[in-house]
Amino acid sequence: MVRHFPSSINDRILMPIHIGFWPENPPPTRVEVSSTRDFSAGLPVVCRQVHSKQPFGMFKGENAMNYAFSTFLIEAILIILFIKTTCFLLRPLRQPRIVCEIIGGMMIGPSMLGGSRNFNYYLFPPISNYICENLGLLGFFYFFFITAAKTDVSAIAKSPRKHKYIAVIGIFVPLVCTLATGMAMRDKMDKNMKKFSSVGAIAFALAFSSFPVIYTVLRDMNLLNSEVGKFAMSVALIGDMAAMLALIFFEALNQAEEAGGTAIVWYLVSVVIFNAFMALVVSRALEWVVDQTPEGKLVDQNYIVMILMGVLVACFITDMLGLSMGMGPILLGFIVPQGPPLGSTLAIRSETFIHEFLMPFSFGLVGLKTNVNLLTNDIWEQKLSPLVYMTVVGFISKFLAVFSAAVFFKIPTRDSLTLGLMLNLRGQIDMLLYLHWIDKHIIGLPGFTILVLNALVVTGIATPLISFLYDPNRPYRISKYRTIQHTPPSTEMGLVLAVADHEALSGLFTFLDLANPTTSSPFCIYAIQLVELMGRASPVFIDHEEEEEEYEEDDEDEEEEEENERIRSRRVDQVQSAFKLYQERRVESVTLRAYTAHAPKRLMYHNICELALANKTAFILLPYQQERLDDDAPTELRNSGMLSVNADVLAHTPCSVCIYYDKGRRRNAVVRSSLDQQETYRFVVLFLGGADNREALHLADRMTVNPDITLTVIRFLSFNHEGEDESEKKLDDGVVTWFWVKNEDKDRVSYKEVVVKNGAETLAAIQALNENDYDLWITGNREGINPKIIEGLTEWSENHQLGVVGDTVAGSVFASEGSVLVVQQQVRNQKGDGFLNGKFDYKRLVSYWSSHNC
């Protein structure tokens, strides 16, 4: 952002602020006068006394509001308080944070509370606004830096062609339409705005889509990992690169109009020198920092401080060279190596401070300059009408262009509508651009107000419409059977194995071995490692088999191969090594394909469900998740947030789900077996009826082929058939009869029935079974269970991952050393949660006040 220093008398008398005397005292002979171009000359002169010392206190008769720093403190409190309050109130309306921040900033500006003279005099005097405004600019610059540091610029080259075509069409069509509208109305513009460089800059700003804005809104809406969300971010990233080139072009054109041909030459030389310095010097320095950081550790704090200070240096250099000040942080962020260790450390160390403390000042600055009282009929024809028509034409043409292009490339209609709305979102980078235009005299405060209101209305309306139109979980609701029960016995069974760390792998592999994959009935395992997304904006999904093929094809020179090996060694960790070893050990009966997914924890379930859906797997195998203190950091929780992954998979799965709670006992048994010590495993199925228990019985039936397993099936029936569902009872009878007819001649398989009256008797019967010292307890989750059988147990169940019975058996009170396997069968054609599915629950609306963070 380039400063403008007024040189004419007219510029200097807009709003004098006489400092150092009160109105009743005579002014000194020499008065320092400061001026600002943001206020009208018709406003009254504000005079305040400057106190060099801190106040002694209210009991000494001092007024803290007469001191600049004390005033700044109350300003900071009010800005943050207003924004947080707005977030809380608008949360049920599914408004993104950017909308709440704009409204919260406007609350302190002249459009709302700032319209009061007393409010301005005591709380927001110009002498304290100076601090707020500069902190606001810092907030914008650091926001752009940290967002750019998460951006993978190389993804542009990997983007599919249709993404690139839609990006070009989505920029070119609205640019032409908006530019034509602006040129047709140049006679109604003032002398600064009617310049071709000004009209072109406004037209392009209304035509392009900003990646940082779309990223932050989609993150707030939990759509980063959705199909349309990935599409929108890919298209916006391509548009951002074009926007940076266009910004340089229009800045150069403005230099030529202001200072002639020589200025444009020096401007372009400055651009080349700055970019070369960043690419050749700074990028290598950042790579050196990464090399100095031990594997798995955070970057040293001193390096982080130097990089954050480098943001200020980049701002100063770009301002000094006459470039847009916002270009410096963005370019610096682009060359920061993505992900761990540097990108993730920057996010951990600075993101909270930037978003929660600096950004409120940024929107406070926007609010102070937004004044709806300036939108009068007197200036409509001369200044505002061209801008309003350009914004309307820009939105309509961009929406129609993106929608038409998406439909042409055979994207579903509803997803095309959603994409058109996503690419019209406005936010932080637009606000800074509008502030830059004020400095450049392209627009005034009325025009700035129009553009801010346009961003507020478009984003505020588009976001709920996106939630209304697009349900990211819709693809998982399928009608075809994807279950263990409906998988033929002599065919390959597909399953997704999802883990976050190596600790759970040993028990899961042991269970898979005992599930008895054979050459006639093999397992096809899609093993996915879940890694929390840190230091990146876009989720990353890595197919290691395709990655290895790419490395094998890319052997042209030795230096490139060494670089590939270095990157490759970083990606292969303990989990991927364990996947590879298990595949080699069971190569005859198991096919394993390894993946890694970097995603936010609340969105990891998308990767699991998409993998299961794409490969038509029968079930998903998950380890039981529980939070516990980390051994390396006793004050921090290990696996924090992973509980929601299992819960979301259970809620949205396109196939059956098995959750395995490993207590380590059978793992030791397998070790003994590997030492040629014969071991027999005792498994028990607690069959309480319903679809989930029928699925559990079919899984147990596959294990009976293993000669080392002894299986006991206990069926619980209600006394006098009380509470039974006739249809469920018939299905249960059919499955149990099929199982027993198939296995009655096996001495290792036994079947018993227990009649109970309530949950207490069910619990007592299960407790009696504990004397048999079982190695594995198998049961269904909860679907279709006779409520009479578990009456009274639901109140004591706290863990929804394992269901009522599974939670009881896994609990410490039950004192069983055996592991627990809980099975949930696929729920076909389940309804969604959105308005389009005809479901509206006021409790769901109210829950937004307690379950979402601002």
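Which residue just after α12 takes a positive phi? The residue is Gly 322, with a phi of about 90°. The structure is a predicted model, in which local features need pLDDT of at least 70 and side-chain atom pairs count only at pLDDT 80 or more, while totals for chains, interfaces and linings use all residues. Residues are numbered from 1 along each chain as its sequence is written, and side-chain values use heavy atoms, with hydrogens and water left out.

The chain contains 30 helices and 15 strands; helices (H or I, at least four residues) and strands (E, at least two) are DSSP runs, numbered from the N terminus. Of its 854 residues, 52% count as buried, where buried means under 20% relative accessible area, exposed means over 50%, and partly exposed lies in between (1.4 Å probe, protein chains only). The accessible surface of the chain comes to about 39,600 Å², and carbon and sulfur atoms hold 58% of that surface. Areas come from the Shrake-Rupley method with a 1.4 Å probe; for residues, only the protein chains shown count as cover. Among contacts (heavy atoms within 4.5 Å) with a separation of 6 or more, 80% join residues 24 or more positions apart.

Confidence is given by pLDDT, the predictor's confidence in each residue, from 0 to 100. The mean for the chain is 80, and 81% of its residues reach 70 or more. Over residues 667–676 pLDDT stays under 50, and the model has eleven contacts beyond four places in sequence for this stretch. Residues 833–848 also stay under 50, with 19 such contacts. Where pLDDT is low, the predicted coordinates should not be read in detail.

Helix α12 covers residues 301–320 and has 20 residues. From first to last C-alpha it reaches 29 Å, close to the 28 Å expected at 1.5 Å a residue; the expected span is 1.5 Å times one less than the number of residues. Its N-terminal end is capped by Asp 300, a side-chain oxygen of which lies 2.9 Å from the backbone nitrogen of Asn 302. Buried residues in α12 include Ile 304, Leu 308, Val 311 and Cys 315. Helix α2 (residues 68–90) has 23 residues, and its end C-alpha atoms are 33 Å apart, in agreement with the 33 Å that it should span at 1.5 Å a residue. Among the buried residues of α2 are Phe 72, Glu 75, Phe 82 and Cys 87.

Two further residues were examined. Ile 766 is found in helix α28 (residues 759–769) and is buried, because its relative accessibility is 3%. Leaving out residues up to four places away in sequence, Ile 766 touches Leu 686, Phe 716, Trp 777, Val 805, Val 809 and Phe 814. Val 809 is 43 residues from Ile 766 in sequence, and their C-alpha atoms are 8.1 Å apart in space. Asn 473 is placed in the loop between α18 (445–469) and β3 (493–499). This asparagine is also buried, because its relative accessibility is 9%. With the same exclusion, Asn 473 touches Tyr 605, His 606 and His 652. Its side chain makes a polar contact with the side chain of Tyr 605 (2.9 Å). A polar contact is a pair of N or O atoms within 3.5 Å; within protein, one must be able to donate a hydrogen and the other to accept it, and residues adjacent in sequence count only if both atoms are side-chain atoms.

A search of the whole structure finds zero disulfides, a disulfide being a pair of cysteine sulfur atoms within 2.5 Å. The sulfur of Cys 658 is too far for a bond, because the closest cysteine sulfur, in Cys 655, is 9.1 Å away.
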